[in-house]
Amino acid sequence: MNKAIPEVTLNDGTTLPVTGLGTYGLWGNAGANSVSSGINAGYRLIDTAYNYENEGAVGEGIKRSGISRDDLWITSKLPGRYHEYDKAMVAIQESLYRSKLDYFDLYVIHWPLPNQDKYVEAWQALIDAQKWGLVRSIGVSNFLPEHLERIIKETGVTPSLNQVELHPFFNQEEQRRAHAEHHIQTQSWSPIARAADILSNDIVSKIAESHNKTIPQVVLRWQYQIGSVSIPRSTSPTRQRENLDIFDFELSETEMTAIAGLSHPDGRLFGMDPATHEEF
Ligand SMILES: NC(=O)c1ccc[n+]([C@@H]2O[C@H](COP(=O)([O-])OP(=O)(O)OC[C@H]3O[C@@H](n4cnc5c(N)ncnc54)[C@H](OP(=O)(O)O)[C@@H]3O)[C@@H](O)[C@H]2O)c1
C-alpha cells in the first residue's frame, strides 16, 4: 500500500513530489492511458519534453485521469533547436498549447549544447517565461557544474533543479556536491538504469530480498535517500504502483554504501556526455 509521496521544497519556494512518472516513448492513445494509469496509481509529478513529442498525450492522460490539474506537477523541456531567446519563448507557449495547460510547474533546458553556446540566452528566456506566468519554476537538465556557474554568474538567477543521468552505475557524486553548493535540487533520469543489467545485480538483489522488496524498489528508495527526485517510467499499471511503494522501508548506511560502490566513471548508459552531446 502506498504512503503519501513526500515533497521537497525548491530554492524558489515551490515544491515537488520526491518521485514522478517519466514519459519518454509514451505516445498516442496508449501513452495517454499510461499517463492516466500512472496518475491513478498515485503519481502527481509527470515529466515530459517537447522532443518526446508526447506533450499532447500527457495533456490527454491528465484529462482521462479525472484528477484536477491543480493537484499535479507537470514538467517539460526546451529542445536544443530553440535556444535563441525568441524561439524559446514561442516553444514554451507551443508546449503549453500541445498539452492544453495554462502553465508548467517546471520547465527546464533539455541539454546545454555548449558548442552551440546559446544556453545562457535560453536561460534568460526561461527567466522571463517565469515572470510572464507561463512557468512556476525554472531549471535545467544535463548541465555540468561549469554550465551552472555560468548561467548563475551571467543572469544572477540560480536554477531550482538540474535533471541529470543518475542511477547506481553512475551516481554523480561530484555533480551532486555542486548542486548542494547552490541549493539546486538534483533530479535523476533513467533512475532505474532502464531496468536492464541492474535487474541481475547480486548486490542489489540481496538487499532487495532482505527487505522483501524488488530491485527497482530498492534503487528508487536509494534515490530518495540520496535526496534526488526520481522519475521512473513504466507503461504497466502494476509496475507503476510497485515503483511508488518505496516509503515503508529504509536502507541502512551499509546498504547505501554498497549501492554507491556500483558506480564507475564510464557508467553512463548511452555515453551521453553533456560536454559534447548535441540533440536538437
Ligand atoms: N533529461 C534528459 O535528458 C532525459 C534523458 C532520458 C530520460 N529522461 C526522463 O527520465 C525518465 C525515466 O528514464 P528512462 O525512461 O530512460 O528509464 P527508467 O525509468 O530508468 O527505466 C524505464 C524502463 O524500466 C522498465 N521498468 C520500469 N519499472 C520497472 C519495474 N518495476 N520492473 C521492471 N522493469 C521496470 C520500463 O518498462 P515497462 O514500461 O515495461 O515497465 C522501461 O523499459 C524518462 O521517461 C524521461 O521522462 C530525461
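Q: Which of the 27 residues around the ligand come nearest?
A: This is a predicted model, in which local features need pLDDT of at least 70 and side-chain atom pairs count only at pLDDT 80 or more, while totals for chains, interfaces and linings use all residues. Residues are numbered from 1 along each chain as its sequence is written, and side-chain values use heavy atoms, with hydrogens and water left out. A residue counts as near a molecule or strand if one of its heavy atoms lies within 4 Å of it. Of the 27 residues around the ligand, those that come nearest are Asp47, Arg194, Arg233, Ser234 and Arg239.

Q: Which side chain has a polar atom 2.9 Å from a nitrogen atom of the ligand?
A: A polar contact is a pair of N or O atoms within 3.5 Å; within protein, one must be able to donate a hydrogen and the other to accept it, and residues adjacent in sequence count only if both atoms are side-chain atoms. Oxygen atoms of the ligand lie 2.7 Å from an N or O atom in the side chain of Ser190 and 2.5 Å from a polar side-chain atom of Arg233. The side chain 2.9 Å from a ligand nitrogen is that of Asn243.

Q: Which are the edge strands of the open sheet of eight strands?
A: Strands are DSSP runs of E, at least two residues, and helices are runs of H or I, at least four, both numbered from the N terminus. Two strands pair if DSSP finds at least two bridges between them. The sheet has parallel pairing and the order β3-β4-β5-β6-β7-β8-β9-β10. The strands that pair on one side only are β3 (21-22) and β10 (229-230).

Q: What is the bridge partner of Ser188 in β10?
A: Strand β9 (residues 185-189) runs parallel to β10, and two bridges join them. In β10, Ser188 is partnered by Ser230.

Q: Which elements do the buried residues of α10 pack against?
A: The buried residues of α10 (residues 253-260) are Glu255, Met256 and Ile259. They fall within an arc of 100°, so they line one face of the helix. Contact means heavy atoms within 4.5 Å. The elements packed against are α7 (202-211) and α8 (215-225).

Terms used: Buried means under 20% relative accessible area, exposed over 50%, partly exposed in between (1.4 Å probe, protein chains only). The arc is that of the directions from the helix axis to the C-beta atoms.
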